[in-house]
Number of protein chains: 4
Amino acid sequence: MRITVWNENRHEKKNQVVADIYPEGIHGTIAKTLAENGFDVKTATLDEPEHGLTEDVLNETDVLFWWGHMAHHEVSDEIVNRVHKRVLEGMGLVVLHSGHFSKIFQKLMGTTCNLKWREADDRERLWVVDPSHPIAEGIGEYIELEKEEMYGEHFDIPAPDQLVFVSWFEGGEVFRSGCTYQRGNGKIFYFRPGHETYPTYHNKEIQKVLVNAAKWVSPSNRPYPTYGNAKPLEEISKK
Amino acid sequence: MRITVWNENRHEKKNQVVADIYPEGIHGTIAKTLAENGFDVKTATLDEPEHGLTEDVLNETDVLFWWGHMAHHEVSDEIVNRVHKRVLEGMGLVVLHSGHFSKIFQKLMGTTCNLKWREADDRERLWVVDPSHPIAEGIGEYIELEKEEMYGEHFDIPAPDQLVFVSWFEGGEVFRSGCTYQRGNGKIFYFRPGHETYPTYHNKEIQKVLVNAAKWVSPSNRPYPTYGNAKPLEEISKK
Amino acid sequence: MRITVWNENRHEKKNQVVADIYPEGIHGTIAKTLAENGFDVKTATLDEPEHGLTEDVLNETDVLFWWGHMAHHEVSDEIVNRVHKRVLEGMGLVVLHSGHFSKIFQKLMGTTCNLKWREADDRERLWVVDPSHPIAEGIGEYIELEKEEMYGEHFDIPAPDQLVFVSWFEGGEVFRSGCTYQRGNGKIFYFRPGHETYPTYHNKEIQKVLVNAAKWVSPSNRPYPTYGNAKPLEEISKK
Amino acid sequence: MRITVWNENRHEKKNQVVADIYPEGIHGTIAKTLAENGFDVKTATLDEPEHGLTEDVLNETDVLFWWGHMAHHEVSDEIVNRVHKRVLEGMGLVVLHSGHFSKIFQKLMGTTCNLKWREADDRERLWVVDPSHPIAEGIGEYIELEKEEMYGEHFDIPAPDQLVFVSWFEGGEVFRSGCTYQRGNGKIFYFRPGHETYPTYHNKEIQKVLVNAAKWVSPSNRPYPTYGNAKPLEEISKK
């Protein structure tokens, strides 16, 4: 399976705290985790030509990870449409944390994807609410993160096709933190944690979820459906 | 409840067959049906200023019906965004037949909304698959339409939140014909039948579904959620 | 709409704390709330003949509320089967709090309906996660209960058809607290709060949810489907 | 992955037509297909002690296939409860055709699982309505079966968690033919075709679906959740 990890890669350049936690960028840490689990992994970032997401790159990508935050508006509509088309054709997509407000996630969801947030070192506890789900494999009853940004309901998304995790936050909120969607021929997983100033993607359980998610969203192998005018398969009576 | 029935209203002007079936326009027939059931009903059409969907009109609309086909591309993006915003704020939306390819439906669904189609006088039988659903109230086991345009799977939509009707077509296809979606504060119902050259909206059972749908998508009365930065509701520990 | 509020009515007799909070029984308080909202309400309790749920009573019940806890095993299988049949025929069912472990809820869900629990005066905050849902009408962003019993995930239920509320608990847990299900011709709502030693059913917002739930689960008016051997509706070719 | 294929194995003994199509029993044909795809496969039948489903057999079964029809009532409640427990613990279950009326499927669904049926050589066409689903991998737009028993809506099941196939029948009906459910820690797939007097399980595309289904329902590896009284994870304030 060929994975491309896309990252905005701006906080890493502007904020020493982030650079210290992710010296190779958030994309670098995630890519390393996935590669260690046997996937064929590349990375791409906002400031590359075509944001690193050329037609060739996307055509050779089975699963795309997406982390963005401060520069969603700098992602060109052309590239968003290209990624959107590929997802509907079957490419898996894992949207991380602040990617909730990315153009690609909003376009796929059809809603604002708005939410409550707070940077205040909340403790977060992600409870597994669907123990049968492959994305929860190997995870205990909950994942505890000592400090994270809070995201709170209402989260303005379509009701997920499957809800895997629900977060508890110290400051009093809850959040639907692990959500699957099937759109066209593609599968999507949204996973909440991962604020840039915390070492969340170094957490072993979070990494396990990323690996599980990559497998779950991987494309099913079948031809794209035929649309448009269709001849009858049975004789139609005269009326 | 205040309803606005929106219609492209082009086939009625160009095709005598359609004009004969719907002398007051498709919108006129649907509006009459709804008014007879006690709703406060207005109509709006493509060629009016702002397509008849001014801010004032939409602000005074609880439920919007949408029929379009040949001129989806003539609907301005500004009006589509306006309708989209109103749906997410709570306005109900009933999308009819070829409205599957309208900009507003595509934007809300996040998918192509593509499908198979054929104009060949197929018999259609819409089976109720959710007998508990209010939209199926008063409907028998199925609605039979002697002649209709065929729409066939795969229908490129998100899995509906609730699937109420599945169509059988004489030529060999099936279709998810009655689909509910909840998006933001709004409720949406897609209902398949209603090709312009057939008298489908004069059918009493189809009319019953339209009335039921209007009730089902009607707004729930509560304030719009608060989004953005949020103060904690509980004390957060020092870490 | 005719409602029957069923209660085990044992804690009220054995525990003075409960008797003081609910001098007319939990059923009495809920029935009064519903009656004040214009419904035709009766009550029934475990120790009446046939637990107060005779064929006649159920046939004249549109919506049944169910509160039970310490005596689930005393409810006869015959009555459970009778209620089950009525739900599948269309009677609405609202299952409250510890009713999660009732025979009727387990039979309808097909799972253990097990959960975590704790009686420790946790603060509970029920967040609305589906603002478009009629059951959330008139409710703010959350309902806060100063003290309640904790119920925590994993809650062993089928993924709800619609998830309306998610609870936050002071002790660190979350819970899917407002869940809808459609089974056969009937609609079901499970609502978490309501431990007998707290005045939860005197809370105005909780009462509002009960009223909304009664409306939402109310039967749709249509004939029961025909099952069994069926003649073809179309001619079948010789093969 | 260890699979047990359970079959009632009665039609094969009583009806020469069935014996000619399935000389090794329906279980034998399905087991052979699965074994050829690399699974570790055993079979079990009704007339064996404990129906072949001893504690040991079930404890060593990752996925159970179930075909039954004329003798559902002969399956002992004890064994049904044992299978039910194992599914909730994580064992996958694939229920085939007339297994819709088996005690185990009814118990897991909570509904009657009733439907319309007809033995009249209907042509069946199973349309893929979820092209992203792993169970549809390698399948074209539809599977066509020249002759099959008809099953028609309304099918009295909970709305499936995911709907993969919808059938068209020559005689005018439709049916939700491929349905997934997640219950407890287990995954379930119901697949409609497979009447005993037709060679359906010799069809290569049907076999492909069985193989895909076995993979999809396979257990996720994680400990069973802890239920019952739970100590707080956070300090609870005095009130």
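Modeller: A residue is called buried under 20% relative accessible area, exposed over 50% and partly exposed in between (1.4 Å probe, protein chains only). The model is predicted, so local features need pLDDT of at least 70 and side-chain atom pairs pLDDT 80 or more, while totals for chains, interfaces and linings use all residues. Residues are numbered from 1 along each chain, chains are lettered from A and ligands numbered from 1 as written, and side-chain values use heavy atoms, without hydrogens or water.

The search of the whole structure finds 0 disulfides over all chains, a disulfide being two cysteine sulfur atoms within 2.5 Å. C:Cys179 shows why: the closest cysteine sulfur, in C:Cys113, is 10 Å from its own, which is too far for a bond. C:Cys179 is buried, with 0% relative accessibility. In chain D, D:Cys179 likewise takes part in no disulfide, and the sulfur of D:Cys113, the nearest of any cysteine, lies 10 Å away. D:Cys179 is buried as well, at 1% relative accessibility.

Chain C is superposed on chain D, with an RMSD of 0.0 Å, by a rotation of 180° and a shift of 0.0 Å along the axis (least squares on C-alpha atoms with pLDDT of at least 70 in both). This is the relation of a two-fold axis. Within chain C, the C-alpha of C:Gly110 comes nearest to the axis, at 2.6 Å. Of the interface residues of chain C, 100% are also interface residues in chain D, so the copies meet through the same surface; contact here means heavy atoms within 4.5 Å.

The backbone also deserves attention. Most residues other than glycine have a negative phi, and most peptide bonds are trans. The bond from A:Glu153 to A:His154, however, is cis, with omega near 10°. A:His154 sits in the loop between β6 (142-152) and β7 (162-169) of chain A, where strands (E, at least two residues) and helices (H or I, at least four) are DSSP runs numbered from the N terminus. In chain B, B:Glu153 and B:His154 are joined by a cis peptide bond with omega about 10°, and B:His154 belongs to the loop between β6 (142-152) and β7 (162-169) of that chain.

Positive phi values occur too. A:Asp121, which is not a glycine, has phi near 60°; this residue lies in strand β5 (residues 116-128) of chain A and is partly exposed, at 28%. C:His51, also no glycine, has a phi of about 55°. C:His51 is placed in the loop between β2 (40-45) and α4 (55-59) of chain C and is buried, at 10% relative accessibility.
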